[in-house]
Amino acid sequence: MPSLGSDMEAGTLLEWRIAPGDAVSRGDVVAVVDTFKGAIDVEIFETGVVEEILVPVGEKVPVGTPLARLRVEGEPAAAPVAAAPAAPVPAAAAVAPPAAVPAPGGRLRASPAARQRAAAAGIDLATLRGSGPQGALTLADVERAIAVRPAARAMAPAERLAGMRQAIAAAMLRSKREIPHYYLGTTLDMARALAWLEEENARRPVTGRLLAGVLLLKAVALALRQAPELNGHWLDGGFRPGSGIHVGTAIALRGGGLVAPALHAADAATPDQLMAELRQLVQRARAGSLRSSELADATITVTSLGEQGVDTVYGIIHPPQVALVGFGRIAERPWVVDGRVVARPLLQATLSADHRASDGHRGARFLALVESLLQEPETL
Amino acid sequence: MNDVAHDEHRRQLLREMLRIRRFEEKSAELYTQEKIRGFMHLYVGEEAVAVGTLQALDADDAVVSTYREHGHALVRGIPARAVMAEMYGRQEGCSRGRGGSMHIFDAATRFCGGNAIVGGGLPLAVGLALADKLQGRARVSACLFGDGAVAEGEFHESLNLAALWKLPVLFLCENNFYAMGTALARAQSQPDLHLKAASYALGAEVVDGMDVLAVEAATRRAAQAVRGGGGPYFLELRTYRFSAHSMFDAQLYRDKAEVEDWRRRDPIVLFERQLRAAGVLDDATLARMEAEIAAEIAAAVAFAEAGSWEPVEDLTRFVYSEGPAP
Amino acid sequence: MSTVTTTYREAIREAIREALRRDPRVFLMGEDVGAYGGCFAVSKGLLDEFGPERIRDTPLSESAFVGAGIGAALGGMRPIVEIMTVNFSLLALDQILNNAATLLHMSGGQFNVPLVIRMTTGGGRQLAAQHSHSLEGWYAHIPGLRVLAPATLEDARGMLWSALEDPDPVLIFEHALLYNQAGTLPADAGAVDIRRARVRRPGRDVSLITYGGSLPKTLEAAGRLAAEGIDAEVIDLRSLRPLDDATILASVAATRRAVIVDEGWRSGSLAAEISARIMENAFYELDAPVARVCSAEVPMPYARHLEQAALPQADTVIRVARGLVRGDG
């Protein structure tokens, strides 16, 4: 049973996609497991032949339990190889789909348009079969997959909520027990950012409008480029920098609980792309159809509680991450500009960071960078 | 021309030759100070050719020149400061600093460029003359080029075409006996270049290019014939460059003695001596002349020093015209 | 609207005739343009009509008469210089590159060169390796030039006047196989825009980007692809420099696939340039790698079967397009 996040302790096997004797390749989806965050596809990280199914459908097993036995390519006889990678799951499961011709180097062969569409729709390309040149995945392949995508399987809401509560409890306890937090806060002048946003949005259709939260996410992502010690995981007694800047965004679920799926490579996305991805993410989080990589990949978390009327957030880091950025509400307040008191839209930004991975000096620089980026919103 | 005017004219010829000489000396100095970069080819020794030939042109005639063209430009009337600023790469230069020493352009005096492709200017002069002929204008297109160009195909194609169509082109071959480092005799089966030209059935003669009066007289005759509709004319002006081909040239290809021999025929020294002997020039006049020239060149250098760089944003301006065709 | 039946050759002749009538500064100059009537008979009859001052036969000296065209343009004329074939134009490359394309910039904006150079290009007539190449891509490499490739009667008729109105040098490449193309034109056909590419056939599945002599082959390929259910869009570049990026990119963004059909050699070609621009500007729109159909990288052979094998053909375009759309080329 793979760990799809530090807060996952067990999963229920919903469906097997393989049977003994099947050949599987690295990246194939072999099973579907249900967790408190919804049904999640389980990818395999080895290439070989399935020898035996170890966990039957319907059984709930702890993380780390072998689900099936695989004979790896080149192995003469049976060997115990579990389809159970250790947390966290690597960033992208990038391999060719079953009947597709694998590209040199084992990378997934998919067209740029297919990749973009799949990312927006939350389709895992590794689960698809390519019909394009040299077996590449095309846009049409992705569109077909979207059209036939099964509705998310769900646990009973109450059961899921209880499980999630437990998981949050475990993760937060671990965080407070293990992570020496330090906290920094600063006040951001949002006048420029809001003025720019207003101007941009005036030009856009209602459906294409940007929210201030997207600018904040982008500013955090860009600032992280220069603060790598805040972006990554503390694992096995050491800091591992993130393979990219994948910003986990805390999303409160209807009926309680929360998840923080990742916006992948948020530093490279335009505000428009981030806006679109965020909408998708919220929708899918609430529908319970997040992908495994989204749950496991986040390299930092951003929590915005401004809508609830909160001024300041003092966040608890989500292990194994090493930092959390909190944003309060934007409100008009007195502010001194050029020696005069004027009304400005202000926002409290806070950083909770793991003192094992970074020091307050670096944290302060990071917040200052976020602030200066927000003073030039057009460059975000 | 009466005697007084004639005397004044002769002093003017000397003054123009001196002006080129001093300008070139200053240019060499500035080059060593890295004020001027790129390739720079000095005209020292050949002054009588530029001064003598260009006397024969009218203001609306065209001049097509070479990369050794500082002297041509100055005599043609492009201000020394505009030429100097060009060599500095300043936007106040006559080509906005885009051409440098080898590419001096000036539309106002119809100075159609220093052309740095040997022989490349000849077809242009043919075309300028064709335009005049088709438009019924009695203008001359003068084309200056060196002995090296005579080996190029474009020389033969252009002389043939100009003669065939009886176009008003004045071909002025500055034969300084070296194409860079290749002596004429090592490059030409027929080193008497005017004989080669004559085979295209046009007027062709050889002129002592160290004698400014001879150059002027021959060019006036030739220009008159051209302007009168007699077709192109070719002058081989035998001269010599005292300086190296360009600034970075060890001159391995010629003897110092040969240079010294030619220096004894320095067109400026000879002409100065001639004017003094004729009582047309005295020390005071010469000193005044030198002082005026020095002042002009100093002003040109100051102008170039004070000049500005064309903004980099203008880099792609004038790849294409900015307005419709006139 | 009344129409006239004409050919590509006659359309160009009519364009030259109109220019000579409209503007006294215009004259035609080149090898055998007068008494012979033009190597490809484009200027047949013009000598009688306009006389030897304006229809000028030149000696075989490409560099001199192209350079003279540049000089005449500097001198206030509007010359049309004809070079028999693009292979011969190499003898005038010095003048075209070092003077025509360069003078305006080098003189700091003082000397523009309003010159039009026409020449034939392309293979397909068994003229072997010194009369058959498509070197227009080389000229499209040169800043300072405008490079046009009329592929239709309308453009053959209309591009010349627009080119003559341009203040800078314009090269017009006439594919020799197009001269006999026949069709109708409006009786009042005249100048056309020379800045934009045109969609010659709209389609949704793949963009076939081409110009000049390859346009008919590409349209044929598109027609046959339609029979297989592949809806190809055909873009006629018309202007090879500057390239109309907007039209190319809009088409590729819609179809997500591109095949460039270019009779030039593949390496360092116009097709390579267009491909690069698609990668630079529309990478995330692409659903398949950009493909090229170019001439084989050999000097053009004489024997018909070898020449046809060396040139881009409709069959090749179809195979490549099918491969991009269905993955089974």
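The model is predicted. Chains B and C meet through 36 residues of chain B and 39 residues of chain C. In chain C, helix 10 packs against helix 11, and five strands form an open sheet.

**Interface of chains B and C**
- Strand 2 (111-115), helix 5 (121-134) and helix 6 (153-164) of chain B each supply at least two residues of the side that touches chain C.
- Helix 5 of chain B gives the most to that side, with 10 residues.
- By residue class, the side of chain B that touches chain C holds 19 nonpolar, 11 polar and six charged residues.

**Helix 10 and helix 11 of chain C**
- Helix 10 (residues 245-255) and helix 11 (residues 270-282) pack at about 65 degrees, with their axes 10 Å apart.
- The two helices are therefore roughly perpendicular to each other.
- Their crossing is right-handed.
- Helix 10 brings Asp245(C), Ile248(C), Leu249(C), Val252(C) and Ala253(C) to the contact.
- Helix 11 meets them with Ile274(C), Arg277(C), Ile278(C), Asn281(C) and Ala282(C).
- Seven residues of this contact are nonpolar, one is polar and two are charged.

**Sheet in chain C**
- The strand order is 9-11-10-13-14, and the pairing is mixed.
- Strand 9 (198-201) and strand 14 (291-295) are the edge strands, so each pairs on one side only.
- Neighbouring strands are turned by 25 degrees against each other on average, direction ignored.
- Strand 13 (residues 258-265) pairs with strand 14 in the parallel sense, over five bridges.
- Val259(C) has Ala291(C) in strand 14 as its bridge partner.

Definitions and conventions
Residues are numbered from 1 along each chain as its sequence is written. Chains are lettered from A and ligands numbered from 1 in the order in which they are written. This is a predicted model: local features need pLDDT of at least 70, side-chain atom pairs count only at pLDDT 80 or more; totals for chains, interfaces and linings use all residues. Two residues are in contact if their C-beta atoms, placed from the backbone, lie within 7 Å. Helices (H or I, at least four residues) and strands (E, at least two) are DSSP runs, numbered from the N terminus. Ala, Val, Leu, Ile, Met, Phe, Trp, Tyr, Cys and Pro count as nonpolar, Asp, Glu, Lys and Arg as charged, and the others, Gly among them, as polar. Axes are lines fitted to C-alpha atoms, for helices over the stretch in contact, and angles run from 0 to 180 degrees between N-to-C directions. Angles under 35 degrees count as roughly parallel, over 145 as roughly antiparallel, 65 to 115 as roughly perpendicular and the rest as oblique. A crossing is left-handed if the near helix is turned anticlockwise from the far one by less than a right angle, and right-handed if clockwise. Two strands pair if DSSP finds at least two bridges between them.
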